[in-house]
Amino acid sequence: MTSPSLVGKTYLVRTFGCQMNLHDSERVSGLLEACGCNEVGSFEEADIVVFMTCCVRENADQRLYGQASALVSTPAPPSGKRVVAIGGCIAQRDGEFLAHTVPSCDVVFGTSALDKLPRLLEEAFASDVHRIIANTDEPGTSFSTDLPSRRARSFHAWVPIMYGCNNFCTYCIVPHVRGRERSRIFETVVSECARLVDEGVREICLLGQNVNSYGRDLYGSPRFSELIRAIGATGIERLRFTSSNPKDLDDGVIAAMARTAAVMPHLHLAVQSGSTRILKAMNRSYTREQYLDLVRRLKAALPDLALTTDAIVGFPGETEEDFLETLSLFEEARFAGAFTFIYSKRPGTPAALIDDPTPAEVIQGRFDRLAHLVEDLSWEANQADLARRVEVLVESTSKRFDSVMVGHSPKNQTVHFTLPEHACASDLVGKIVTVEIDRARTWYLSGTMVGEAR
Ligand code: SF4
């Protein structure tokens, strides 16, 4: 990677949105480091600011426009010139509009233009020409899997297995900005995972908008269950994946999860609504009954599985009866956690054209009722681990106390434990330790480390 004029420049990447964006940001950091740039911690110090954006939720949109616009009044870095680049889904969606409405913006690059970023930055530094726009008109014509990546954590890696989505849920902008499903070649994914294991990675999370349909575009039918087994055989200790669409999660995948020791007992399976009528309006392609049947099959095959979900409250046309069905589905599925959202219109999607007279306070009331139920269910799920020993992959010290370490359990619960006397916090990061749980709260577990870290 050669970009001589970028050598020695400082950079900051700010990420909004999902895991796919976090991974794209790791690639941006890897690219810039390969060009000789150095990361800094503040906008004031940065010659290059890159925003990696997400347009799935309205608040990520607002945060981008707010933060990027505020850069106009941020003092210039010591070098005297700052270049601001905006990539990801909002860049793909808004293209030229973004360049003209955010005064600080110099470069807009689409979801397929990651590899062009160094050249675009060079151009922006070399001239006073602003508003350089690249590849925002063709979502998802290619992807850049061979770019360098600078992992945020040496022991954890995101591995994209596919890009784009074919599902066109009526509220979702993703297929419009990330394009149709494109799977990576099976052998390439497996060998990348094997290389990561050799490099000391202990946990891999496979990424895709709909991982269960992995391979359909390349091989004629999905090969996700095969992929799980093949990656499990690389020696990886912990394997996770996201996102799973319930309509494509079949018994082959369930069997592969149950028989692959590295697959962690946690699955995030977005339901979005408990009402078949609303699911149909969302174009989710499954019914309430089919979702609950899937939950039963998963729990029968994986008895210790922690199931989490996403739900949207206030989708246009949702009635009190529909909402009660969401509540009862949550009760029945006994989710261990959930991300819940109030529906917000995403311009460019079919649902954005539907007017809904339901008052905002009614929708807020439903949201609050669901949030309370989620808290109760999370608390209940965590009680099951009280007095148990859980294996924790240690990530860092706690933000509040240097003597407390934080990591995640196999079920993806946040676990806190006190740093043992004479132990060094940095030596434990990236290690797997056993923690005996003596406190189970709604959002976390805590306990005491027993035995040696490994
Ligand atoms: S499955 Fe639906 S919600 Fe998920 S990315 Fe595709 S269109 Fe969006």
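## Around the ligand

Which residues are around the ligand? They are Cys165, Asn167, Phe168, Cys169, Tyr171, Cys172, Val174, Pro175, Gln209, Asn245 and Arg284, each with a heavy atom within 4 Å of it. By class, this shell has 7 nonpolar, 3 polar and 1 charged residues; Ala, Val, Leu, Ile, Met, Phe, Trp, Tyr, Cys and Pro count as nonpolar, Asp, Glu, Lys and Arg as charged, and the others, Gly among them, as polar.

## About the model

The model is predicted: local features need pLDDT of at least 70 and side-chain atom pairs pLDDT 80 or more, while totals for chains, interfaces and linings use all residues. Residues are numbered from 1 along each chain as its sequence is written, and side-chain values use heavy atoms, leaving out hydrogens and water.

## Domains

An automatic or database assignment divides the chain into domain 1 (4-134), domain 2 (156-383) and domain 3 (389-450). The centres of domain 1 and domain 3, taken over C-alpha atoms, are 35 Å apart.

## Nonpolar cores

A nonpolar core joins buried Ala, Val, Leu, Ile, Met, Phe, Trp, Tyr and Cys residues through side-chain atoms within 4.5 Å; buried means under 20% relative accessible area, with exposed over 50% and partly exposed in between (1.4 Å probe, protein chains only). The largest such core has 67 residues, and Leu206, Phe224, Leu298 and Phe330 have the most contacts inside it. A second, separate core of 25 residues includes Leu71, Ile90, Leu98 and Ile173.

## His266

His266 lies in strand β12 (residues 266-268), strands being DSSP E runs of at least two residues, numbered from the N terminus. His266 counts as buried because its relative accessibility is 18%.

Definitions and conventions
Helices (H or I, at least four residues) and strands (E, at least two) are DSSP runs, numbered from the N terminus.
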